[in-house]
Amino acid sequence: MKDWWKQWLANLGWSQSLLLGTLDIVLVLVLTYMILVIINERRTLWLVRGFIVLMLASALSGRFGLPLLNFVLEKLVIGCAVAMAVALQSEFRRFLEQLGRGEFRQLLQPANLTIPKSDNVIEEIVEAVKELSKNRIGALLILETTGPIDERDFSVPGVKLNADVSKELIQTIFQPKTLLHDGATLIRGSRIISSGIILPLSGRTASRQLGTRHRAAMGITERVENCICVVVSEETGSISLAERGTLNRPLTIRKLKESLEARLSPIVDREAVAPGLFSLGRQVSDQALALVSRLPLLRRATHNLLSRRDKTASRDKK
């Protein structure tokens, strides 16, 4: 009886260490998945993967007793974390806000991207911009690309419309005598969400030819990365496209259409960045098993290298 009790306590200690190790892996997996959900963009996914590889390399170097390599990798991890926080500041700010509000369900759910009917929607937008530019009527359109924009990024949210995109409605909104023509119009997928939106202005020094609409387009795309802005100048009728704080101008109608098709059509390719928590867990477990299966070979090679070094040292002494 006493032997059984001692054996149970020993097994309990082994089970506790196994459970703690499993919990550690699961928590890292969940945190990684949250980051993928927040970023939700394939072109920055490789940056996150590189950061995860650095963290794994740092942990393994500490486990195998490589102090100098571990020191260098730890400093690289810290520097890369700061660089990512600067490059992805809007995503990290949204992550911290949702974490502070306790919205854990939203952190674990990928954003349901609205896939626009690219042919119809882009055609309607281009035709409307063409007429506005021809008549020299100022306009500012916000087009969401990879996910919904938080209205708190706007200075004034504007008036809700929730209407289908059409060139007639866009032209009507920006007529000089309407109440909503001075603000921006938000387009999500195939719907016009709201109009009369007041945007934060960019603090960067711009050309004197650029008015308030251009500075507002630069300001919102600096702050929010998952959107682009189409601007029509009221003075010259020139067309501009703002993305990530950069203004591309002047554009022809053909160039505008090509730019919109390139940025709005590939949304299907970006929606599988965070396919599912179980799928991600299966991928990580497969990689971990592959790594564990290679550890005996690594240990054997290290042992052979150390034995050769000892033999060489003994020969030198003789």
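Biologist: Let's start with strand pairing. Which residue in E3 does Leu 141 stand opposite?
Modeller: Leu 141 faces Thr 185 in E3. Keep in mind that this is a predicted model.

Biologist: How many bridges join E1 to E3, and do they run parallel or antiparallel?
Modeller: Three bridges join E1 to strand E3, residues 184-188, and the two run parallel.

Biologist: And which way does E1 run against E5, parallel or antiparallel?
Modeller: Antiparallel there, with six bridges joining E1 to strand E5, residues 227-232. As one example of that pairing, Ile 142 is opposite Cys 229 in E5.

Biologist: Why is E1 described as largely enclosed?
Modeller: Six of the six residues of E1, which spans 139-144, are buried, so the rest of the structure largely encloses the strand. Both faces are covered. Ala 139, Leu 141 and Leu 143 are buried on one side, and Leu 140, Ile 142 and Glu 144 are buried on the other.

Biologist: What about Gly 147, where is that?
Modeller: Gly 147 sits in the loop between E1 and strand E2, 159-164.

Biologist: Buried or exposed?
Modeller: Gly 147 has 13% relative accessibility, so this residue counts as buried. The C-alpha atom of Gly 147 is 8.7 Å from that of Arg 188, and the two residues are 41 apart along the chain.

Biologist: Switching to the nonpolar core. Which residues touch the most other members of the largest one?
Modeller: Those are Ile 125, Ile 170, Val 230 and Leu 260, in a core of 26 residues. The elements giving two or more residues to this core are helix H6 (118-134), E1, helix H7 (167-173), E5, strand E6 (239-243) and helix H9 (253-264). H6 provides the largest share, seven residues.

Biologist: What is Ile 125 in contact with, leaving aside its neighbours within four places in sequence?
Modeller: Ile 125 contacts Leu 141, Leu 143, Val 165, Ile 170, Ile 187 and Leu 260. Another core, of 20 residues, lies apart from the largest one, and its members include Leu 140, Ile 197, Val 224 and Leu 247.

Biologist: What does the hairpin of E5 and E6 look like between the strands?
Modeller: There are six residues between the strands, and one of them, Gly 237, takes a positive phi near 75°.

Biologist: And on the E7 side, how many bridges join it to E6?
Modeller: Four bridges join E6 to strand E7, residues 246-251, and these strands run antiparallel. Ala 242 has Leu 247 in E7 as its bridge partner. This hairpin has two residues between its strands, and Arg 244 in the turn has a positive phi of about 55°.

Biologist: New topic: how many salt bridges does a search of the whole structure find?
Modeller: Eight. In one of them, the side chains of Glu 123 and Lys 257 meet at 3.1 Å, N to O. Glu 123 is in helix H6 and Lys 257 in helix H9, so this pair ties together parts that are 134 residues apart in sequence.

Biologist: How close are the N and O atoms of Arg 191 and Asp 164?
Modeller: The closest N and O atoms of that salt bridge are 2.3 Å apart. The pair links distant parts of the chain, with Arg 191 in strand E4 (residues 191-197) and Asp 164 in strand E2, 27 residues apart. Arg 191 is partly exposed, with a relative accessible area of 27%.

Biologist: Which residue does Arg 254 form a salt bridge with?
Modeller: Arg 254 pairs with Glu 258, the closest N and O atoms being 3.5 Å apart. Both are in helix H9, and because they are four residues apart, about one helical turn separates them. Arg 254 counts as exposed at 65% relative accessibility, while Glu 258 counts as partly exposed at 39%.

Biologist: Last one: which residues make the nonpolar surface patch of about 330 Å²?
Modeller: Leu 60, Phe 64, Leu 66 and Leu 69. Leu 66 lies in the loop between helix H2 (42-63) and helix H3 (67-87).

Technical notes
Residues numbered from 1 in each chain as written. Predicted model: local features only at pLDDT ≥ 70, side-chain atom pairs only at ≥ 80, totals over all residues. Heavy atoms only, no water. Buried < 20%, exposed > 50% of the residue type's maximum accessible area, 1.4 Å probe, protein only. Pairing = 2+ DSSP bridges. Core = buried A, V, L, I, M, F, W, Y, C linked by side-chain atoms within 4.5 Å. Contact = heavy atoms within 4.5 Å. Patch = residues over 30% accessible without salt bridge, like charges linked within 9 Å, V, L, I, M, F, W, Y side chains within 5 Å. Areas by Shrake-Rupley, 256 points an atom, 1.4 Å probe, with all protein chains shown as cover. Salt bridge = Lys/Arg side-chain N within 4 Å of Asp/Glu carboxyl O.
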